4 protein chains.
Amino acid sequence: MIRVDASSFIPIYEQIKKEIVRLVATGQLKVHDPLPSIRDLAAEIIVNPNTVARAYRELEQDGLLSTQKGRGSFIADGAAPEASSKLKAYLGRIMDEAIAEAKTFDLGGDAILGLFEDRLRRSADRRRGGRHE
Amino acid sequence: MIRVDASSFIPIYEQIKKEIVRLVATGQLKVHDPLPSIRDLAAEIIVNPNTVARAYRELEQDGLLSTQKGRGSFIADGAAPEASSKLKAYLGRIMDEAIAEAKTFDLGGDAILGLFEDRLRRSADRRRGGRHE
Amino acid sequence: MIRVDASSFIPIYEQIKKEIVRLVATGQLKVHDPLPSIRDLAAEIIVNPNTVARAYRELEQDGLLSTQKGRGSFIADGAAPEASSKLKAYLGRIMDEAIAEAKTFDLGGDAILGLFEDRLRRSADRRRGGRHE
Amino acid sequence: MIRVDASSFIPIYEQIKKEIVRLVATGQLKVHDPLPSIRDLAAEIIVNPNTVARAYRELEQDGLLSTQKGRGSFIADGAAPEASSKLKAYLGRIMDEAIAEAKTFDLGGDAILGLFEDRLRRSADRRRGGRHE
DNA sequence: GTGGTCTAGACCACC
DNA sequence: GTGGTCTAGACCACA
């Protein structure tokens, strides 16, 4: 459920944080649900436990999860709306980024929208097993 | 013309590279045009000359510019199509990212497109001095 | 195993690259073998770590080694044939240089070959503790 | 008559020096012959006059040429044997370099000689307009 | 401990 | 003035 891209410039602990926020926001993790243990998650995504630990620690500081010694980590009370707003903000931000980037191309609004529609259609095609570009 | 964000996770030298690719792709820099000297650009964007030098060096390895010792760096022959395709690939990538992110919300294609249109309109509004969100 | 000459016109990072290519081509470094850490090699050959880092980075761009943050650098898959051909090209180039130089003496092919054989014999003699020229 | 390789790591003024030594050693330039003026040579090999000036200056320090203000530079008395021995030493050095390089390949003497013969034959073929490898 | 980025500043070759 | 190399040393992400 959690995916991470080692070649990205974004630190892995940041990617892990975002993934967990996403799972909470989309209801795949609910309040009081246990998170995978640091060691398990580290093994699953082939990453050092320290890296997972840092992600968990920072999420706890954000109030999104609570860690109980010896028992593990759990989604905190009230995490869902918090995560939801975070994720929405994140989505808005990267859409704005795509838009800003497109504008530096000297593309007009229609052209940008057309390009986006095109990528959207392609991604739907890929899902249905359509050919890659 | 070249802007970098020191707080970004993306290394500054990568940002510089991308900016130059953008300027070439959009025709603001043409074949044989001189680039700002390493020292000048470094001073302008308040960055160490070595950082700019690294960006220039890697762009030269990519064949986008050619540098002559003691004279400066210049946009290489055939840089424009190369830059154009690089920038298109880059733009496609971040649009795909936005789309992938949007899909985690279980939104249909139309809803995603609507959201994007919304952001696009907002960004146009902001430009015209409309209210910030 | 890696030697560099600080007084040479060839940049140190290029010398390091060539040495590693040589070690791979001669089988002294095999696929997936770890390279010395940047700091260790820098200390060994008495050079700044940044200089070694540059050599490693460029070799990685050439696909000859792969580095994993926090773990170190390793000989990449398929590095051996690549290194071999690189080294052969390099050797051919310096032999051609020697030949071109010899030809400026208006020597015939046989004379040039004789001269080369002579130096070759001398170098073997030196190895066996023979007199220096 | 003088050729220079801008992409070489060897400084251009060193290459110019070597070329002149070669011309003297091979008798293409004789004692008291005038050298091309700094500006002419610079224009011919497309190089900055300062670079040529430095080569001439260092050759003068070596006693190979003498410069007379307003008249130009001339091959100095006794330059020929000096140049000859320099060039021979140089040839020996690069042959030794080729040999040393070949030995790091773990090649035996016969193999090295074979390789050299091969390159020699190729170079003769090229001269006669034979096909390139 | 590892590598990666960045800074500050030196010296050199070349224009 | 230009770019190129190298050093010294800082801070960060990651194992």
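## Contact between chains A and B

In this predicted model, 37 residues of chain A are in contact (heavy atoms within 4.5 Å) with 36 residues of chain B. About 3500 Å² is buried between chain A and chain B, 73% of it from carbon and sulfur atoms; buried area is the accessible area (1.4 Å probe) that two parts lose on being put together, summed over both. On the side of chain A, Phe9(A), Phe105(A) and Phe116(A) lose the most area to chain B, together 18% of what that side buries.

## Salt bridges and contributing elements

Four salt bridges are found across the interface of chain A and chain B, each being a side-chain nitrogen of Lys or Arg within 4 Å of a carboxyl oxygen of Asp or Glu. One of them joins the side chains of Glu101(A) and Lys18(B), at 2.9 Å from N to O.

Helices (DSSP runs of H or I, at least four residues) and strands (E, at least two) are numbered from the N terminus. The elements of chain A that give two or more residues to the side touching chain B are α1 (12-25), α4 (79-104) and α5 (109-127). The largest share, 15 residues, comes from α4(A).

## Hairpin in chain D

Strands β1 (residues 65-68) and β2 (residues 72-75) of chain D run antiparallel and are joined by four bridges; two strands pair if DSSP finds at least two bridges between them. Gln68(D) has Gly72(D) as its bridge partner. Three residues separate the strands of this hairpin, and Gly70(D) in the turn has a positive phi of about 80°.

## Basis of the values

Residues are numbered from 1 along each chain as its sequence is written, and chains are lettered from A and ligands numbered from 1 in the order in which they are written. Local features need pLDDT of at least 70, side-chain atom pairs count only at pLDDT 80 or more, and totals for chains, interfaces and linings use all residues, while side-chain values use heavy atoms, with hydrogens and water left out.
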